[in-house]
Each structure stands twice: as structure tokens, then as C-alpha cells.
Amino acid sequence: MSPVTVVGSVNRDFVLTVEDLPHPGETVLARRFVEGVGGKGANQAVAAARLGSRVRLVARVGADAAVILDALAAEGVDIDVVRSDERVTTGIAAVVVDDAGENTIVVNPGANAELGVDDLPGELVRSPGEIVVIQNEIAPEVVEQAVLRAREQGGVVVLNPAPARPLDARVLAAVDVLVPNRGELAALLGTEPPATVDQARDLLVRAALPCRAVVVTLGADGAVLKEAHSPDTLHIPAPSVDAVDTVGAGDTFCGALADALGRGTALPAAVARAVRAASHAATGLGAQTSMPYAAQLDVPAFTSAS
């Protein structure tokens, strides 16, 4: 089984639940408050670790991160190359979730903005075929160098282009699996977000992105996979669940995909397992608290749709 390295962000998450999301200028009372560990990098690392992968996280945190680092280590995440920066605070995300599971998020990047190219380990890939997962909550030059270095060193590169921003063609060409959601795909292509599965499939065929595969996550509609060597797309539906909070579902998808690929699972089956993991994550409150363990994905409710 290949190990997983995640290069990305770490946040302190402050989650508030409300009946309805507030309008501009409106004050609403929260029903519940939860504080936890977040950030796309930390979330994806924990998601993979809970499913059994050996995971290393490359990130920066502030001087206030002792509890966060302890929590990551308790999840089995290797934090040896997480740098503590005394000059800044750890990133902060304020999350408001309504009764329908919709959310708004405001992020202060904090130490995440200080993660530099020099923080990347010389051996980003420790063994051939190691899975390297990267997202856009860190500086563009760090994303670029992580992708290119992982490719040069023989890794399998999974890039989650969130939040959306332009990506250089040579960076995309070095990516094995690109994992955007509807909006991120639209931003990359300069189009409107696909509203249906068929629109997503058609967009992927016409886009001809230079990476080896693209997986578009579609929430309750599952995911659509397009591999460069095939003219066809594959739709993987999601199991029907009662969504409580979709925060972290996309990160769970990426972590589960990395775990499955590290086990040598073929990409279509890896995507199907990632869809099940993301669906499970949407059934609980908080980014990491509802991330599944391997045994939880094997019950009938999470196997019937694959």
C-alpha cells in the first residue's frame, strides 16, 4: 500500500448551526456551536488516515496550534514536517450551517499564507507511486512546485483546485487526477457551472483538460469521471442520505480517493468509494467529526449506490 502525502492548509474551525442563513445586516441566534480542526489539507489528511492510509501532512500552523497538532497526531497523521510559525496565528474558518445543510464560510488564512516552497520536503515522494494530494488554500507557487516535484519524483498527483483560480497548463498536464466541484470546473473552463449530470459529462468531453483524469464532484448527484485515454465519461451516483452538514464532504471525497488509489484500486472503483465516504460525511455536523472509518463504508446504506 502506497503512503499518502497531503500538502495544504490547517484551520481552527468555528461551526455555528442556525435555522436559516442570515441575510446581509441580519442577526440570527445559533442553535449550536462546535469548535474543531479544519482546513482542506488537514481534512483530507484525516479522511485518508481514518480509512487506514499512512499519511504525512505538509503545512504551517501558528503558535496557538498545540491542541490542533495533538488532534491530528491522535488521528494517525504524521505531523513531523508541519512547521509552527510564531509570527502568526493558525488559519481560522467561521462556518454557519442551516437546517438544509447549506453553509457559508469565512476564512482567515493565517499561517497557511506563510507556507512556502522551502517548506516542501526534498523527498516529497518517499516511494514510487506515493499519492500526493494538494489543494488551492495555499500559495499558487507552492501548489505549482508541489505538483511538478511530485510528478518528477514518481508520485501520483491528486489536485483539488479549491478555491478556484487559474492553473497553468503545464501544472494541469502533471496532474493524475483533478478533482473540482461544479463551480471549480466552471471557473477553470470559463463557463457556467453544469446544473445536471449530463451537462457535467458533456462539459468534460468538450473541455479536453490535459490531466490524466478529471473527477467532478456533484454533491447528492455523486461524481462524473473522465479519463484522458477514453472518449466516454462515467457517472457514479451517490447513496441517498439525510444531509446534516456538507462542510468537509468534498475533503472527505479527496482523502478517500487518495486512500483507495494508494491501495491500488482502479480509478472508477476508487471514485465510487470516495462518493460513499463523502455521502457519509454529510450526515454529521463538522468537517472531521463525521468522516467515516473503513468499516462504516461497508454497511448496505453506503454500498447500494456503487
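Author: Start with a pair of helices. This is a predicted model. Helix α1 covers residues 40–50, and helix α7 covers residues 249–262. The two pack at an angle of about 45°. Their axes are 7 Å apart. Angles under 35 degrees would count as roughly parallel, and 65 to 115 as roughly perpendicular. The angle here is about 45°, so α1 and α7 are oblique to each other. Their crossing is right-handed.

Which residues of α1 and α7 make the contact? From α1 come Lys40, Asn43, Gln44, Ala47 and Ala48. From α7 come Asp251, Thr252, Cys254, Gly255 and Asp259. Sort them by class. The contact has three nonpolar, four polar and three charged residues.

Now turn to charge. Side chains of opposite charge can pair when their charged atoms come close. Across the whole structure, a search finds 19 salt bridges. Look at Arg87. One of its partners is Asp85, and the closest N and O atoms of that pair are 2.7 Å apart. Asp85 is buried, at 4%. The cut-offs behind those words are under 20% for buried and over 50% for exposed.

Arg87 also forms a salt bridge with Glu114, at 3.4 Å from N to O. Arg87 sits in the loop between β6 (82–85) and β7 (91–97). Glu114 sits in the loop between β8 (103–108) and β9 (131–135). The pair therefore ties together parts that are 27 residues apart in sequence. Glu114 is partly exposed, with a relative accessible area of 32%.

Next, take Asp176 and Arg212. Their salt bridge has its closest N and O atoms 3.7 Å apart. Asp176 lies in the loop between α4 (169–173) and β11 (177–178). Arg212 lies in the loop between α6 (197–207) and β12 (213–217). This pair also links separate stretches, so parts 36 residues apart in sequence are tied together. Asp176 is buried, with a relative accessible area of 13%. Arg212 is partly exposed, at 38%.

Some salt bridges share partners. Through them, Arg60, Arg83, Asp85, Arg87, Glu114 and Asp119 are joined into one network.

Now try single residues. Ile68 belongs to helix α2, which spans residues 66–74. Ile68 is buried, because its relative accessible area is 6%, and buried means under 20%. What does Ile68 contact, leaving aside its neighbours within four places in sequence? The list is Val10, Asn11, Arg12, Val37 and Thr90. Ala42 is 26 residues from Ile68 in sequence. In space, the two are 9.6 Å apart, C-alpha to C-alpha.

End with Asp99. This residue lies in the loop between β7 and β8. Asp99 is partly exposed, with a relative accessible area of 48%. Leave out residues up to four places away in sequence. Asp99 then touches Val18, Glu19 and Arg31. Compare sequence and space once again. Asp99 and Leu21 are 78 residues apart in sequence. From C-alpha to C-alpha, Asp99 and Leu21 are 8.8 Å apart.

Note on methods
Residues numbered from 1 in each chain as written. Predicted model: local features only at pLDDT ≥ 70, side-chain atom pairs only at ≥ 80, totals over all residues. Heavy atoms only, no water. Axes fitted to C-alpha atoms, helices over the stretch in contact; angles between N-to-C directions. Helix = DSSP H or I, 4+ residues; strand = E, 2+ residues; numbered from the N terminus. Parallel < 35°, antiparallel > 145°, perpendicular 65-115°, else oblique. Left-handed = near helix turned anticlockwise from the far one by under 90°. Contact = heavy atoms within 4.5 Å. Nonpolar A, V, L, I, M, F, W, Y, C, P; charged D, E, K, R; others polar. Salt bridge = Lys/Arg side-chain N within 4 Å of Asp/Glu carboxyl O. Buried < 20%, exposed > 50% of the residue type's maximum accessible area, 1.4 Å probe, protein only.
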